[in-house]
Amino acid sequence: MSDAARALLPPLRLLRRPVMLGGLGGLLALAFVAALAVGAMPIPPGEVLRVLFGLDADSQSRAVVLGLRLPRAVLAVVVGAGLGMSGAALQGLFRNPLADPGLIGISGGAALGAVAVIVFGHVFAALMPMVAGPYLLPLAAFLGGLAATFATERIAHSRGVAATGMLLLAGIAINAMAGAAMGVLIFMSDDRQLRDITFWTMGSLARGGWSGVLMAAPFVLVAVIAMYRAARALDALLLGEREALHLGVPVERLKRIVMVAAALAVGASVAVSGIIAFVGIVVPHLVRMAAGPDHRIVLPGAALLGATLLLVADSIARIVVVPAELPIGLVTSLIGSPFFLWLLMRRKAGA
Amino acid sequence: MRFLAFILVFGVAVFGASANADAPKRVLALGGAVTETVYALGAGDTLIGVDQTSVYPAALTRRLPNVGYVRALAAEGLLSLKADLVLAGPEAGPPEALAQAASAGLRIVHLEDGYSTEAAIGRIAAIGAALDRKREADALIAALNDDLALVKREVAAAKSRPRVLFLLQAGGGAPKAAGRATAADAMIALAGGVNAVTGFDGYKPLSPEAGVAAAPEILVMMKQSVDALGGEEAVYALPELAGTPAIRNRRLVVVDALYGLGFGPRMAHAAHDLAVSFHPEAKFPPLPARPWMSAE
């Protein structure tokens, strides 16, 4: 390599971040426009544009694009960004590529809350004013996710330190307990409730609407900012906990911040959309494969790619079985997991 | 020949137009009993879409666009069929999807819940009104009331009041028994049986002891449940029911879910069939044949 080329290297490395994030942002914008353009109702792209720019358009097209597709697409971005970035932050925290939001009990606790409302909803609803009805399930799922994460963190704590191994084990135990309690509820549920539970565990962005966006977005936003601010600390943590401590990273505080942020983001996402598998665990890997381990790229990259992936998956879910619809969790795992396997195999062959 | 055909087509078109000028022409039915009712009212040809629970008449529902499972509908899917009327059965949902579709301009008529002949007849009247087929609905309701009265008389004349247990097998868990406030409970009563399980509302898992305590003489199950368990022999081998009279005497009655529990226009015949199997000694004559009973 010539001296001139060597001199060029640092600027290239510095360029990686804007190039990666700009590219992912472009993909996201494309996916967003596509999500608004496709659906069960055949609306020509020109008509979609007229609706979006507030020009004269058919009132039904307007209702479909602005009333149905737009809130759904925005919800996909919020949920996808929350799930993707939480996955990336937790994988960084645990320095374990298998870590996903399910691991520390968030999804298990959220699922338990949701299933409890599906099975006992009529009992809860009787105790509350009517207006609370539609918010009961998201609220229970959100609180369930937070409670499970909090319990995991408390259990793992000993003398002011939460050992990573203990966190994982406590997460497994909490998940098992949530699973068992859910089993009891499923056992008690009737045919209809069973089908509602099944559909909820496969996720859907259909129910949320603008109220879902309003419920989830503040939590996801706060969490995303908190996690992004932890990017450098997570980079230091890659060297090891002790090393990070010597570098001046408040490791215990970092753990708490990342876990609370992930619980907020994932809890709010699961609350409005049900369980959407695969995004939290695989999206960070895809970003890391392309951009390396730098958390200042991986974290925002996972948010962007997670949002893109959910937009694409939701678009597919909406158009493959028209006039019916597939659960989105089914699409993400059905298409996502073989694709991920293929990527892994390719990388193995290359190495 | 061609002229004749022209007259025929033209005549039908004119007649059809004059009969119900404002009647909905593109109807989406959500719910098996709703679809059956639309068909029974002679409006089957106005159907442009159904849901997954609409399986009768099969020749009609199989060729129509299907909007999926009735409790997991998609707003844009509903809109895309360009229906001028959506008849939403009590089970149609989620409510958010229906509300979104309605706010985008879809006309949705919601039908009242309820497992009783009165509620079912109320739904038929509501569907008749929505379809602008009041006359047909009145005729259907009159025939249905006649048939139901006939079943009532038959059952009153029968001496026995067998204890009947309705079992539901959903998923892999223990079979669930139908308590009060269920479609099965209402059908058992219509057919002159006594529900063997009255301690709770809805469906609850049945333990072996509770099964023995219920001491059913007759066991009723949906065909889907029997298939899920692996056939009638598997039902007779259920530990939850070992030693009960129903098992000893091998009295399992298998019903079709929509026909037997749908509370649609075929409910009188379903109750009659059930009464026949509850009271084999009584030798009930068949109910009058009705046109909506004989679809493919």
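# Contacts and packing in chains A and B

Mentor: Chain B puts 30 residues in contact with 26 residues of chain A, a contact being two C-beta atoms, placed from the backbone, within 7 Å. The model is predicted, and local features need pLDDT of at least 70 while side-chain atom pairs need 80 or more, but totals for chains, interfaces and linings use all residues. Residues are numbered from 1 along each chain as its sequence is written, and chains are lettered from A and ligands numbered from 1 in the order written.

Trainee: Which element of chain B gives the most to the side that touches chain A?

Mentor: α4(B) does, with 6 residues. At least two residues each come from α4 (75-80), α5 (95-103) and β8 (203-205) of chain B; helices are DSSP runs of H or I with at least four residues, strands are E runs of at least two, and both are numbered from the N terminus.

Trainee: What makes up that side of chain B by class?

Mentor: It has 15 nonpolar, 11 polar and 4 charged residues. Nonpolar covers Ala, Val, Leu, Ile, Met, Phe, Trp, Tyr, Cys and Pro, charged covers Asp, Glu, Lys and Arg, and polar covers the others, including Gly.

Trainee: Why is α2(A) called roughly perpendicular to α3(A)?

Mentor: Helix α2 (residues 45-52) and helix α3 (residues 59-94) of chain A pack at about 75 degrees, with axes 10 Å apart. Axes are lines fitted to C-alpha atoms over the stretch in contact, with angles from 0 to 180 degrees between N-to-C directions. Roughly perpendicular is 65 to 115 degrees, so α2(A) is roughly perpendicular to α3(A).

Trainee: Which residues meet there?

Mentor: A:Glu47, A:Val48, A:Val51 and A:Leu52 of α2(A) meet A:Ser61, A:Arg62, A:Val65 and A:Leu66 of α3(A). By class they are 5 nonpolar, 1 polar and 2 charged.

Trainee: What share of chain B counts as buried?

Mentor: The share is 45% of the 296 residues, where buried requires 20 or more other C-beta atoms within 10 Å of the residue's own.

Trainee: Where are the domains of chain B?

Mentor: Domain 1 is 11-132 and domain 2 is 159-293, with bounds from an automatic or database assignment. Their C-alpha centres lie 29 Å apart. The contact takes 13 residues from domain 1 of chain B and 11 residues from domain 2 of chain B.

Conventions:
Angles under 35 degrees count as roughly parallel, over 145 as roughly antiparallel, 65 to 115 as roughly perpendicular and the rest as oblique. A residue is buried if 20 or more other C-beta atoms lie within 10 Å of its own, exposed if 12 or fewer, and partly exposed in between; C-beta atoms are placed from the backbone.
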